Amino acid sequence: MSNIIRLYDHKAQILPSISPLLLTRDICRVVDEMIKLANKKKLVDHSDFAEVVGVLADYEYESEEADDCGGYCDIIGKRIVVTNSDSNDYHKVALCHELGHSIQVITGHYDKRSMLLSDLVSEEQQADTIGYYLLRGLYPATKPNTEDFQGYFSVAGMEFLNNWYDGFVQNDLFKNIDS
Ligand SMILES: [Zn+2]
């Protein structure tokens, strides 16, 4: 159990772009439970993503050809989709981010009743932060890259999100982002 992350350990090495302040106590508890379950079921550093997603989140796993995003979480169909990329390490980062969304669903933090862009950005930043801790717990041999966790902390990432929800989001962050 030595690779269980102590989420409240403020000395833990974290990337500059993510913040444990984005996590709530209930999210930390579920992250911790998921990592404990992965250890118990021998799913740490496991390459069969379908098994990881099935056992840990009770979601279906799919891989998809797409180059506009790393993946997505279909909370209605209970599917986690990770898109193909050249980097196996990036697959793991994307998988952990999408598992982060499944944890937000359980804890009531993936609330699609609000379609304010600022709320959606906060949810993505939180999913990135959860994903970071999951990556350390589930794939401890994979070194997290800063750039894999700072997308939604950048203006470009926020613009991407605004375009992703194309017309369904109320943009309260930018004016004239197309100009
Ligand atoms: Zn996301």
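**Entry: confidence**

I kept in mind throughout that this is a predicted model. I looked up the chain average of pLDDT, which is 86, and noted that 88% of the residues score at least 70. Comparing the elements of the chain, I found the lowest confidence in H5, with a mean of 89, and the highest in H2, at 97.

Over residues 1-5 the pLDDT stays under 50, and the model has 13 contacts beyond four places in sequence for them. Residues 8-12 also stay under 50, and for these I found two such contacts beyond four places in sequence.

**Entry: overall layout**

I counted five helices and three strands in the chain, and read their order from the N terminus as α-α-β-β-β-α-α-α. Of the 179 residues, 32% count as buried. Among contacts with a separation of 6 or more, I noted that 62% are made by residues 24 or more positions apart.

**Entry: H4 and its helix partners**

I took H1 first. Helix H1 (residues 25-40) packs against helix H4 (residues 117-138) at an angle of about 25 degrees, and their axes are 10 Å apart. Since angles under 35 degrees count as roughly parallel, H1 is roughly parallel to H4. I recorded the crossing of H1 with H4 as right-handed. On the H1 side I listed Ile 27, Val 31, Met 34, Ile 35 and Ala 38, which meet Ile 130, Tyr 133, Leu 134, Gly 137 and Leu 138 in H4. Sorted by class, this contact has nine nonpolar residues and one polar residue, with no charged ones.

I turned next to helix H3 (residues 88-107), whose axis comes within 7 Å of that of H4, the two crossing at roughly 120 degrees. H3 and H4 are therefore oblique to each other, and H3 passes H4 in a right-handed crossing. I wrote down the residues that make the contact, including Val 93, Cys 96, Leu 99 and Ile 103 of H3 and Ala 127, Ile 130, Leu 134 and Leu 138 of H4. By class I found nine nonpolar, six polar and three charged residues in the contact of H3 with H4. I noted that Ile 130, Leu 134 and Leu 138 of H4 are listed in the contact with H1 and also in the contact with H3.

For H4 and H5, I found that the axes come within 10 Å and cross at roughly 115 degrees, in a crossing that is right-handed. Leu 117, Leu 120, Val 121 and Glu 124 in H4 meet Met 158, Leu 161 and Asn 162 in H5. By class, the contact has five nonpolar residues, one polar and one charged.

**Entry: Val 169**

I followed the chain past helix H5 (155-164) to Val 169, which lies in the segment after it. Val 169 has 19 other C-beta atoms within 10 Å and is therefore partly exposed. Leaving aside neighbours within four places in sequence, I found Val 169 in contact with Met 115, Leu 117, Leu 120 and Asn 162. Of these, Leu 117, Leu 120 and Asn 162 are also listed where H4 meets H5. I also noted that Val 169 and Ser 118 are 51 residues apart in sequence and 9.7 Å apart in space, C-alpha to C-alpha.

I placed Leu 43 in the loop between H1 and H2. Leu 43 is partly exposed, because 19 other C-beta atoms lie within 10 Å. Not counting residues up to four places away in sequence, Leu 43 touches Ala 38, Glu 51, Val 52, Val 55 and Leu 56. Between Leu 43 and Leu 56 I read 9.0 Å, C-alpha to C-alpha, across 13 residues of sequence.

Methods: Residues are numbered from 1 along each chain as its sequence is written. This is a predicted model: local features need pLDDT of at least 70, side-chain atom pairs count only at pLDDT 80 or more; totals for chains, interfaces and linings use all residues. Helices (H or I, at least four residues) and strands (E, at least two) are DSSP runs, numbered from the N terminus. A residue is buried if 20 or more other C-beta atoms lie within 10 Å of its own, exposed if 12 or fewer, and partly exposed in between; C-beta atoms are placed from the backbone. Two residues are in contact if their C-beta atoms, placed from the backbone, lie within 7 Å. pLDDT is the predictor's confidence in each residue, from 0 to 100. Axes are lines fitted to C-alpha atoms, for helices over the stretch in contact, and angles run from 0 to 180 degrees between N-to-C directions. Angles under 35 degrees count as roughly parallel, over 145 as roughly antiparallel, 65 to 115 as roughly perpendicular and the rest as oblique. A crossing is left-handed if the near helix is turned anticlockwise from the far one by less than a right angle, and right-handed if clockwise. Ala, Val, Leu, Ile, Met, Phe, Trp, Tyr, Cys and Pro count as nonpolar, Asp, Glu, Lys and Arg as charged, and the others, Gly among them, as polar.
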